[in-house]
Amino acid sequence: MVTDLKAKRCFEYEKKKHSIISASFENKTRYEFDNSSKKYIFSKRQLDNCLIENETACDWLFIVDKNGEKGKENDHFIFVELKDSDLIYAIVQIEKTIRKLAVSKKNITVHARIVLTKTYS
């Protein structure tokens, strides 16, 4: 079940110009975006077990408003999955999340980021 993207309980922050934008999982895995120029405005949503419940979903969604203009649709969605080592399942989680939110039907550029703690050769 998908909760409304505006569900406040799933917000970490809304329309902020932080210098470093990050997501972390139990201090093992971390995704960072350097926004030291503060050019971009970010909103961060927790997806797995918050906006999307009882279904496969990636961990985080960063909504990037490049223009910062009120009333403008956000330009970029960055889907982030933080994973110990299962790359294939991480891909599945991101694909299902993007389909579930029907992002392709909107005027949005989609980015996907998978961060693994371990890799195996």
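Colleague: Let's start with isoleucine 91: which helix does it lie in?

Modeller: Isoleucine 91 lies in helix 1, residues 87–100, where helices (H or I, at least four residues) and strands (E, at least two) are DSSP runs numbered from the N terminus. Before we go on, this is a predicted model, in which local features need pLDDT of at least 70, side-chain atom pairs count only at pLDDT 80 or more, and totals for chains, interfaces and linings use all residues. Residues are numbered from 1 along each chain as its sequence is written, and side-chain values use heavy atoms, with hydrogens and water left out.

Colleague: And is isoleucine 91 buried, exposed or partly exposed?

Modeller: Isoleucine 91 is partly exposed, because its relative accessible area is 36%; buried means under 20%, exposed over 50%, and partly exposed in between, with a 1.4 Å probe and protein chains only.

Colleague: Which residues form the nonpolar patch on the surface?

Modeller: Leu87, Ile88 and Ile91 form that patch, and together they have about 270 Å² of accessible area.

Colleague: What about isoleucine 94, buried or exposed?

Modeller: Isoleucine 94, also found in helix 1, is buried, since its relative accessible area is 5%. Leaving out residues up to four places away in sequence, isoleucine 94 touches Cys58, Phe79, Glu81, Ala112, Arg113 and Ile114, where contact means heavy atoms within 4.5 Å.

Colleague: How far apart are the C-alpha atoms of isoleucine 94 and tryptophan 60?

Modeller: They are separated by 9.7 Å, although the two residues are 34 residues apart along the chain.

Colleague: And threonine 97, what is it in contact with?

Modeller: Threonine 97 lies in helix 1 and counts as buried because its relative accessibility is 0%. Setting aside neighbours within four places in sequence, threonine 97 is in contact with Leu47, Ile52, Thr56, Ala57, Cys58 and Phe79.

Colleague: Which strands does strand 6 pair with, and in what sense?

Modeller: Strand 6 (residues 76–83) runs antiparallel to strand 5, joined by 5 bridges, and it pairs with strand 7 (residues 109–116) in the parallel sense over 8 bridges; two strands pair if DSSP finds at least two bridges between them.

Colleague: What joins strand 4 to strand 5?

Modeller: Strand 4 (residues 41–46) is joined to strand 5 by 6 bridges, and the two run antiparallel; the bridge partner of serine 43 in strand 5 is isoleucine 63.

Colleague: Last one: where is confidence lowest and where is it highest?

Modeller: Confidence in the protein chain is lowest in strand 1 (residues 11–16), at a mean of 66, and highest in helix 1, at 92. The mean pLDDT of the protein chain is 77, with 71% of its residues reaching 70 or more; pLDDT is the predictor's confidence in each residue, from 0 to 100.

Definitions and conventions:
Patch = residues over 30% accessible without salt bridge, like charges linked within 9 Å, V, L, I, M, F, W, Y side chains within 5 Å. Areas by Shrake-Rupley, 256 points an atom, 1.4 Å probe, with all protein chains shown as cover. Salt bridge = Lys/Arg side-chain N within 4 Å of Asp/Glu carboxyl O.
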